[in-house]
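I set down here what I looked up in this structure, entry by entry. The sequence and coordinates are placed first for reference.

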Amino acid sequence: MKQMQDGGAFPRETQIFEADSPAGILKWNLLWGEIPFLELLYIEEGFRGRGIGSRSLMEWETDLRKAGFEAALVSTRADETGQHFFRKSGYLDCGTLHLREINGQEAEELFLYKKLKENFIGRKV
């Protein structure tokens with residue numbers, strides 16, 4: 001199993017700052033103990049549109065590459081604009097969950113992934 005360099009516990013939560021002001025949060029975990037999964041990337045309304053989210057996502061991906069991870073997974077609701085942000089950032093659709101019966105969520109939860117290393121082909125089963 002890959003470990004981030006500081007060996008800290010999961011989930012990981014990072015506060016995002018812009019000019020010493022709190023601008024947002026990035027929270028991630030290891031799905032099934034092995035796949036980095038971005039649970040939350042939130043940028044405060046007043047800081048949006050400045051590239052802070054894109055830079056934060058790129059920094060997260062760089063840290064994952066350095067730690068030896070080969071891919072990352074994210075999710076967003078089908079009725080939210082996050083899907084466009086992630087696709088623009090190089091993420092590809094890989095599935096959906098219908099959660100209405102579990103938590104009442106009407107919109108599908110979209111899952112997207114990104115290869116962090118060119119030679120990543122996934123696991124052979």
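Leaving aside neighbours within four places in sequence, with which residues is Phe 86 in contact? I read the list in this predicted model as Leu 38, Leu 57, Val 74, Ser 75, Tyr 91 and Leu 112.

I next looked up the nonpolar core. The largest one has 21 residues. Phe 86 is among those with the most contacts inside this core, together with Trp 28, Leu 38, Trp 60, Leu 64 and Tyr 91. I noted that E2, E3, H1, E4 and E6 each supply at least two of the core residues.

I then turned to the sheet. Six strands form an open sheet with mixed pairing, in the order E1-E2-E3-E4-E6-E5. E1 (12-18) and E5 (92-97) stand at the edges with a single partner strand each, so one side of each has no neighbour in the sheet. On average, neighbouring strands of this sheet are turned by 30° against each other, direction ignored.

Leu 92 has Tyr 113 in E6 as its bridge partner.

I also placed the helix H1 (residues 52-66) against the strands. H1 lies across E1, E2 (21-31), E3 (35-43), E4 (71-77) and E6, and runs at about 160° to E3.

Last, I consulted the confidence values. The mean pLDDT of the protein is 86, and 86% of the residues reach 70 or more. Over residues 1-7 the pLDDT stays under 50. For this stretch the model has 15 contacts beyond four places in sequence.

How values were computed:
Residues numbered from 1 in each chain as written. Predicted model: local features only at pLDDT ≥ 70, side-chain atom pairs only at ≥ 80, totals over all residues. Heavy atoms only, no water. pLDDT = per-residue confidence, 0-100. Contact = heavy atoms within 4.5 Å. Pairing = 2+ DSSP bridges. Helix = DSSP H or I, 4+ residues; strand = E, 2+ residues; numbered from the N terminus. Axes fitted to C-alpha atoms, helices over the stretch in contact; angles between N-to-C directions. Core = buried A, V, L, I, M, F, W, Y, C linked by side-chain atoms within 4.5 Å. Buried < 20%, exposed > 50% of the residue type's maximum accessible area, 1.4 Å probe, protein only.
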